[in-house]
Amino acid sequence: MDMIANLTLGFGVALSLQNLALCFAGCFIGTLIGVLPGVGPIATIAILLPITFGVDPVGALIMLAGIYYGAQYGGSTTAILVNIPGEATSVVTTLDGHQMAKQGRAGVALGIAALGSFFAGCVATLFIAALGAPLTKLALLFGPAEYFSLMVMGLCFAVVLARGSILKAFCMIMLGLLLSTVGTDLETGQERLTFGFPPLSDGIDFAVLAMGVFGFAEVLRNLENPEARDVVKAKIGRLLPDWSEIKQSINPVLRGTFIGGILGILPGNGAVLGPFASYTLEKKIAKDPSRFGRGAIEGVAGPESANNAGAQTAFIPLLTLGIPPNAVMALMVGAMTIHGIIPGPQVMTKNPELFWGMIASMWIGNLMLVIINLPLVGVWVKLLQVPYRLMFPAILIFCCIGIYSVNNQPVDVAFTAMFGLFGYLLIKLGFEPAPMLLGFVLGKLLEEKMRQALIISRGSFMTFIERPISAGLLIVAVVVLVIALLPSISKKREEVFVE
Amino acid sequence: MRKLTLGLAAAITIAFAGGVQAQTYPTRPVTMIVPFAAGGPTDIIARIVADHMSKTLGQQVVIENVAGAGGTTGITRAVTAVPDGYTIAMGHLGTFSAAPATYPGLKYDPINGMQAIGLAGGTPILIVARKNFEPKDLKAFVTYVKANSEKVNEAHAGLGSVSWTTCTLLKAQLGVPKINAVAYRGTGPALNDLVSGQIDFMCDQIVSVAEQVKAGNIKAYAIASKQRSPALPDVPTTAEAGLPEYQIEAWNGIAGPKGLPKDVVDRLVAALDKALNDEGTKKRLLELGTVLPTAEERTPAGFAALIKRDADKLSPALSAAPK
């Protein structure tokens, strides 16, 4: 079989001493930057790019890829321990992961996140190896209309994310959508909602908003009442999940891997939807949905697997087609180009050692990540015992460094502080920031794709219904909404939405 | 106390000695602002050139990516910096020639308000279309687009981008400025929809589209340069294909704030020239489909003339373009 021969070639490349070392370095750096709030893979890869000049292209890309998926592992650590999502994909993990940490189950949450991610990573790697080339066609089936409908479906999921009132969640989604429209209009170049203030002309960065409403606001809330703050004094509990918890997580992990893997292939950062979709699904099919938002292990296992599966399958359009689906992949294109490999549909045939070497290294990298992360769980959990008077300045400083590193703009740090105050206000008034962040992330794509679809269709809204995939996605969205908004349809509504 | 005084004196002496020695620029790392995200075409050329310039200057040339507003945020920062040679920028056709006509509120004047240093390289522009788009060659394309200007769709990577700038010029020259234009966030997504056939055509840099053309995922009508590119030897030039007036290249070049001391400019020009003469650097640039600059274009005066020439060429089309 070709695949066996190819994988043999790949492992031959990936298992060389130098590439193993680079893979480990990438995974390790990735884990660290994932843990540091705000410092994302984009900034890190950009900084480390020149260092890879001296290495051959395969080794360089193995390391850079390791940083990317390593960051996805590490990102869950901060989300669980201190309720700060470093990336859009770990927003969902804060919901139940941080609750678990508050209950003294931080180790279990971190452990299941690592194991789920490992499983998802392995499956996704096989998936890329076996089906990478045919799956490219899926990416090409999604035009602007299909993408718009997918986003609409995603927004309907957001309602389910709410832990309290649906009305409040709805308001927050709308606020998120509104915030996403700040900046220069893509089609016309007009500035919107910037009040003539130049730093706003490119819109609000996700990291700025997320660090503010989660990170800074959380610190403010904890300072308000030093005795009751989350992190200290929580008993540590077991470090790793026990058998019953693993059994509970198997199905969510399988479902999360599948959902995340499929969404990861889509162009335009479909991977962002993965964890949200997985969480929604788990909450919907759970026997007792009221546990969600209060430390349900399924709410960590599913989304974390989806997140990691998506991170790996996002390589498919890049490796098979040469078209990057998101900003990190665009950077990988740059890295390949700098190393003299112009990404394109022929990379697989022209540079088989690169293509299969990278795929093999992803599997090895996932194994390394589990080995790096499981022993670290103990270390991270011990961090929770650091006195809060030492912890909160550290959190704030790392957040500031991270935010500054995104765009090298000092004003971003000031914005984060403002969003921190705003986030504190939201906590006081009982509004959830998670639906707002989802609205914000999806809003940009939603508007962009809707306008592209309408420009192509010359303004006819029928385009969303005439195209079968788009119509199918909209039907799912309508079904989700109907179940959510018509109480008489389902007696379970109370259980699902009001807790 | 006496020991301390002696120590201080010694320290001061050393500091002064260092100061005297360090009169030749540069004594600390030079920041080269790239006004786009890392990994893009301008960033790649900047990194390749800066890598070699660091060797000549004896100080690291550090790339700082300051993206935003079509690259004008980063250039504004660079050309308003203290003119000491420690802040320079790698800009392109868009930020130096097209920006004044694209952004009415632009905070800098590329012609009179900055110091051009030199051209780093030119990147040819191609007219490409989805693989099953009806017209077979450039002549047929021109006829088809003129006849069906209500029907065709053009993709570009956002207002102010190279693809927008160069395609706006093409549409103006063909007399069909109002063709349906669909904006994308960057070349990647635009190319995705061109490959999948959602969009009919676009204009973009050879480095972005060459591999897709070679694989047959899209087709190229012509290259808007004087010569064919070794990367795509089968693609005719616009002159050969019957549209000689469409000549445009997406170049990248270095500039700094106005008022840079002459010796600093000379050092930078020499370092750039040396980088472009280095075999390794040359090879890497040529692999990207870059056209190496002529001796004239590597000088401040030659580069400034190029900026002015392309600004004059683009301004009427860009000012009149629907925004």
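The UniProt record, an unreviewed entry, marks "transmembrane region" on chain A at residues 41-69, 108-132, 138-161, 318-342, 354-381, 388-406, 418-443 and 464-489. Those positions follow the numbering used here, feature names are shortened, and such annotations may be inferred rather than shown by experiment.

A quick word on what you're looking at: this is a predicted model, where local features need pLDDT of at least 70, side-chain atom pairs count only at pLDDT 80 or more, and totals for chains, interfaces and linings use all residues. Residues are numbered from 1 along each chain as its sequence is written, while chains are lettered from A and ligands numbered from 1 in the order in which they are written.

Now try two of the annotated spans. Residues 418-443 of chain A are 88% helix and 0% strand, with end C-alpha atoms 21 Å apart. For residues 318-342 of chain A, the figures are 64% helix, 0% strand and 11 Å between the end C-alpha atoms. (Helices are DSSP runs of H or I, at least four residues; strands are runs of E, at least two; both are numbered from the N terminus.)

Next, find α5 (residues 91-102) and α6 (residues 106-141) of chain A, which pack at about 145 degrees with axes 7 Å apart. Axes here are lines fitted to C-alpha atoms over the stretch in contact, and angles run from 0 to 180 degrees between N-to-C directions. Gly97(A), Met100(A) and Ala101(A) of α5(A) meet Ala106(A), Val108(A) and Ala109(A) of α6(A).

Finally, 42 residues of chain B are in contact with 38 of chain A, contact meaning C-beta atoms, placed from the backbone, within 7 Å. On chain B's side, α7(B) gives the largest share, 6 residues.

Conventions. Two residues are in contact if their C-beta atoms, placed from the backbone, lie within 7 Å.
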